Amino acid sequence: MKQKKQQLKCSYCGRPAVLRPASEIYHDPNRKGYVYACSHYPACDAYVNVFPGSKIPMGTLADGPLRKKRILAHQVFDQIWRSGIFTRDQAYRWIADKLGIPLRQAHIALFSDYLCEQVILESRKVIENNKRRSCAA
């Protein structure tokens, strides 16, 4: 039996998401790729990028405040593996464990505001603890 393709829906207004050129959403004619945007965009400001060369969304649709929170969460979290505290794989395993979620769900592009806050809080703790250890050595 063939499985029916599931329609991506906006979690803010319930309307379907549609695939649009990223250049339209970002108002940049040089921007490549696509974005799933709420069909009520721009009144509903929810969208998510797709993986390059595909139609697969990178996460869930997010409005402006959640997109900003996800960016901040990534900036803080990425310091952990970029500074060498953990490898990138170790960092994602660590955050999955901290959040009590399966590793396959440990993607900031899937996170709610609350989970982004937890990533920021826990990542800052690790960074601060690493600084203290470095100073004590």
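Trainee: Which residues form one aromatic cluster here?

Mentor: Tyr26, Tyr41 and Tyr47 make up one such cluster. Rings of Phe, Tyr and Trp (its six-membered ring) pair if their centres lie within 6.5 Å; planes under 30 degrees apart are stacked, over 60 edge-to-face, and the rest tilted. The model is predicted, with local features needing pLDDT of at least 70 and side-chain atom pairs pLDDT 80 or more, while totals for chains, interfaces and linings use all residues. Residues are numbered from 1 along each chain as its sequence is written, and side-chain values use heavy atoms, without hydrogens or water.

Trainee: How many aromatic pairs does the structure hold?

Mentor: There are four aromatic pairs. One of them joins Tyr26 and Tyr47: their ring centres are 5.8 Å apart and their planes stand at 80°, so this pair is edge-to-face. Tyr26 belongs to the loop between helix 1 (22-25) and strand 2, and Tyr47 to strand 3, so the contact ties together parts 21 residues apart in sequence. Helices (H or I, at least four residues) and strands (E, at least two) are DSSP runs, numbered from the N terminus.

Trainee: Is Tyr47 buried or exposed?

Mentor: Buried means under 20% relative accessible area, exposed over 50%, and partly exposed in between (1.4 Å probe, protein chains only). Tyr47, at 11% relative accessibility, counts as buried. Tyr26 has 27% and counts as partly exposed.

Trainee: Why is the pair of Phe77 and Tyr92 called edge-to-face?

Mentor: The ring centres of Phe77 and Tyr92 lie 4.8 Å apart with the planes at 70°, so the pair falls in that class. Phe77 sits in helix 2 (residues 64-82) and Tyr92 in helix 3 (residues 88-99), so parts 15 residues apart in sequence are tied together. Both Phe77 and Tyr92 are buried.

Trainee: Which charged residue sits over the ring of Tyr47?

Mentor: A charge sits over a ring if NZ of Lys or CZ of Arg is within 6 Å of the ring centre and within 35 degrees of the ring normal. The charged end of Arg67 takes that position, 3.8 Å from the centre of the Tyr47 ring. Arg88 lies over the face of Trp81, 5.2 Å from the ring centre.

Trainee: In what order do the three strands form the open sheet?

Mentor: Two strands pair if DSSP finds at least two bridges between them. The order in this open sheet is 1-2-3, with antiparallel pairing. Strand 1 (17-21) and strand 3 (47-49) are at the edges with a single partner strand each, so one side of each has no neighbour in the sheet. Strand 1 pairs with strand 2 (residues 34-38) over five bridges, and Ala17 has Cys38 in strand 2 as its bridge partner.
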